[in-house]
Amino acid sequence: MKKKKILALVLAASMAGGMLAGCGATSSGDETAKGDKSSGKVYYLNFKPEQADQWVELAKEYTDETGVQVDVQTAASGTYESQLKSEMAKDEAPTLFQVNGPVGLATWKNYCYDLSDSDVYKDVESDDYILKDGDAVDGIAYVIETYGLIYNKALLNKYFELPDASIKSIDDLNNFQALKTVAEEIQAHKDDLGVEGAFTSAGMDSSSDWRFKTHLANLPIYYEYKADGIDSTDAIKGTYLDNYKQIWDLYLNNSTCEPSMISSKTGDDAASEFALGEAVFYQNGTWAYNDIKDNEVADEDMGMLPIYIGVDGEENQGLCTGSENYWCVNKNASEEDIQATLDFMKWVVESDEGRDMLANEMGFVTPFKTFSDYLPDNPLVKANAEYTEAGKTPVSWNFTTMPSENWKNNLGGALLNYAQGTGAWDSVQTAFVDGWAEEYAAANE
């Protein structure tokens with residue numbers, strides 16, 4: 001496929017997704033559907049823009065089958081919390097919404113219906129995938145995801161074959177020093193390899209900055225928690241911030257663009273650069289498969305590496321695996337709407353239509369027992385399975401303990417200023433450590 005055609009398709013998809021995310025979408029509206037119309041209805045405020053179209057399609061299937069009105073609205077990237085607050089203040093508030101983990105639950109627990117007697121809870125494989133407030137089941141994860149460094153196997157093998165390549169095998173690419181060597185040598189040979197850079201651009205607008213202020217920041221938090229034997233804290237120490245700095249520097253200095261340009265780069269830019277074979281590495285997760293497939297990189301050439309940051313023993317590190325997508329039902333909705341919402345959730349995780357959509361169209365790995373015969377055909381999911389089978393230790397998603405969105409935004413701003421040369425790394429440390437204590441105290445007054 002020619003580059004211009006691919007970019008046009010990416011842009012068109014982005015514009016369509018943006019329109020949907022900004023305006024929301026309704027699966028049935030006021031149209032008469034098949035079946036008997038229920039007295040209850042469902043309003044789902046979806047967190048994930050990359051699956052916006054599929055949720056609308058699935059909701060329409062349910063409406064056609066049952067006659068129950070299901071409306072789906074998707075928040076634009078980075079705006080979910082503010083949109084949820086706005087929607088919850090309306091008379092027609094969401095009946096089904098999401099929280100990202102314990103911190104999100106602390107904000108919304110007074111809105112959460114107890115799901116302990118629900119069919120969807122009975123379908124969950126383990127209580128490892130739920131959020132509880134006392135004995136009440138307030139949230140249920142509906143997707144387990146993995147992220148790391150997605151890489152192009154064909155381009156990486158082309159690098160391995162260079163006469164002066166220091167690293168000759170993927171088996172030796174298992175620590176930060178090796179990653180640094182490979183990235184810098186790819187950058188030095190980018191013309192020979194036909195790429196624009198080792199890494200895709202580190203865009204810092206709202207469609208992309210979460211990859212670094214949240215997902216990349218998870219690594220120093222994970223290792224600090226691991227060293228201290230804790231799973232949350234009111235005051236992060238920043239023990240591994242030097243490691244955070246060196247991986248951020250590696251991204252910036254071996255990229256498809258100059259560090260000063262990242263404020264103008266977006267998530268779509270990064271996806272396009274990888275999909276077109278312009279970069280070897282792309283920090284993102286299993287959910288990114290739908291954005292990069294069917295372009296220049298064949299499925300069999302997609303792999304995923306752990307994000308190495310230079311910590312002792314990281315050779316045994318796996319990929320970052322967890323969830324920040326927990327379904328919650330609004331207990332303030334009418335009894336009829338609550339029941340309609342519970343019925344819809346049950347149908348999503350038990351019906352052939354729902355399971356096929358989540359596993360095969362959305363590419364989700366789910367925590368439900370009903371999905372044993374529905375494994376997504378996603379090479380990035382398979383990469384995670386290979387690390388697990390090899391006995392590597394997955395990195396847990398500790399970013400769900402970050403004290404607030406404001407903390408993330410301040411950290412993102414400091415990372416951008418540092419990258420552009422308008423701020424020092426000290427500002428990143430201040431935002432990370434001092435900002436954590438301040439935001440935690442403000443959230444727990």
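1. A residue counts as buried when its relative accessible area is under 20%. In this predicted model, F399 has a relative accessible area of 0% and is therefore buried. W397 is buried as well, at 8%.

2. W397 and F399 form an aromatic pair, with 5.0 Å from centre to centre and 35 degrees between the planes, and the pair is classed as tilted.

3. W407 and W436 make an edge-to-face pair: the ring centres are 5.2 Å apart and the planes stand at 85 degrees, where over 60 is required. W407 belongs to helix α17 (residues 405-420) and W436 to helix α18 (residues 425-443), so the contact ties together parts 29 residues apart in sequence. The relative accessible area is 0% for W407, which is buried, and W436 is buried at 0% too.

4. The count of aromatic pairs comes to 32. Ring pairs also join Y44, W55, Y142, W327, F364, F368 and F371 into a cluster.

5. The second largest pocket has a volume of about 820 Å³. It is lined by 33 residues, of which Y129, I144, T321, G322 and S323 are the closest to its centre. Elements giving two or more residues to this lining are β7 (145-152), β11 (317-322) and α16 (379-389). The largest share, four residues, is from α16.

6. By residue class, the lining of the second largest pocket holds 16 nonpolar, twelve polar and five charged residues.

Terms used
Residues are numbered from 1 along each chain as its sequence is written. This is a predicted model: local features need pLDDT of at least 70, side-chain atom pairs count only at pLDDT 80 or more; totals for chains, interfaces and linings use all residues. Side-chain values use heavy atoms; hydrogens and water are left out. Rings of Phe, Tyr and Trp (its six-membered ring) pair if their centres lie within 6.5 Å; planes under 30 degrees apart count as stacked, over 60 as edge-to-face and the rest as tilted. Buried means under 20% relative accessible area, exposed over 50%, partly exposed in between (1.4 Å probe, protein chains only). On a 1 Å grid over the protein atoms alone, a cavity is a set of points where a 1.4 Å probe fits but cannot get out, and a pocket is an open set with protein on both sides within 12 Å along at least five of seven lines; lining residues have an atom within 4 Å of a point. Grid points are joined across faces, edges and corners, and a volume is the space filled by probe spheres set on the points. Ala, Val, Leu, Ile, Met, Phe, Trp, Tyr, Cys and Pro count as nonpolar, Asp, Glu, Lys and Arg as charged, and the others, Gly among them, as polar.
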